[in-house]
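I opened a new structure today and want to keep a record of what I looked up. These are my notes, in the order I made them.

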Amino acid sequence: MERKIVKNNLTILFILFLVIGLSGCVTSVPPAKTPGPAKEPPKELATSTVDAKSLFEEKCSICHSSERPKSKRKTYDEWEATVTRMKDVNGCPITDEEAKIIIDYLAKHYGK
Ligand code: HEC
């Protein structure tokens, strides 16, 4: 008698694991796939112009007003030198990647 009950319990447990495992697979795969490729490309397009401006306004107005760079007209190389100096010499807290985004933005909008 006792043995039978133990066996039955194990069978039920086994089936439970199977059901949970299978339903886990079925429900977790499609939601992970659909939002990804559908949303990412437009997001990237929208942020590439918006983010450069807000990044510049945010990071380049910490020590002086952002009017300081905005009042200048420089070539790409000159902006690269200025932003690199702000970063490496004056201590502007930006990464190399952010510096590049800001240099591109400045050269495009405040170039000469
Ligand atoms: C940590 C403080 C700090 C931050 C942040 C900072 N600057 Fe400056 N900036 C300075 C100082 C100090 C000077 C004056 C000395 C100099 O020119 O290096 C200056 C001067 C300038 C000048 C005038 C001199 C020139 O070369 O034309 C420009 C333009 C400029 N900064 C642009 C920027 C830009 C663009 C950013 C954002 C990437 C930025 N700054 C962020 C400290 C900072």
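The entries below go from the overall fold to the ligand and then to the core.

Entry 1, the fold. I noted at the start that this is a predicted model. I counted the secondary structure elements and found five helices and zero strands. Read along the sequence, the pattern is α-α-α-α-α.

Entry 2, burial and contacts. I looked up how much of the protein is buried: 11% of its 112 residues. I then took the contacts between residues at least 6 apart in sequence, and 73% of these join residues at least 24 apart.

Which residues come nearest to the ligand? Of the 16 residues around it, I listed Cys 60, Cys 63, Met 86, Asn 90 and Cys 92 as the nearest. Two elements give two or more residues to this shell, helix 3 (67-70) and helix 4 (76-90). Helix 4 has the largest share, with five residues. I sorted the shell by class and got eight nonpolar, four polar and four charged residues.

I looked for the largest nonpolar core and found 11 residues, among them Ala 52, Phe 56, Trp 79, Val 83 and Ile 103. Helix 2 (35-59), helix 4 and helix 5 (96-109) each give two or more residues to this core. The largest share, five residues, comes from helix 5. I wrote beside this that nonpolar side chains tend to be buried together in soluble globular proteins.

Last, I checked Phe 56: leaving out residues up to four places away in sequence, Phe 56 touches Ser 66, Ile 102, Tyr 105 and Leu 106.

Conventions
Residues numbered from 1 in each chain as written. Predicted model: local features only at pLDDT ≥ 70, side-chain atom pairs only at ≥ 80, totals over all residues. Helix = DSSP H or I, 4+ residues; strand = E, 2+ residues; numbered from the N terminus. Buried ≥ 20, exposed ≤ 12 C-beta atoms within 10 Å, placed from the backbone. Contact = placed C-beta atoms within 7 Å. Near = placed C-beta within 6 Å. Nonpolar A, V, L, I, M, F, W, Y, C, P; charged D, E, K, R; others polar. Core = buried A, V, L, I, M, F, W, Y, C linked by C-beta atoms within 7 Å.
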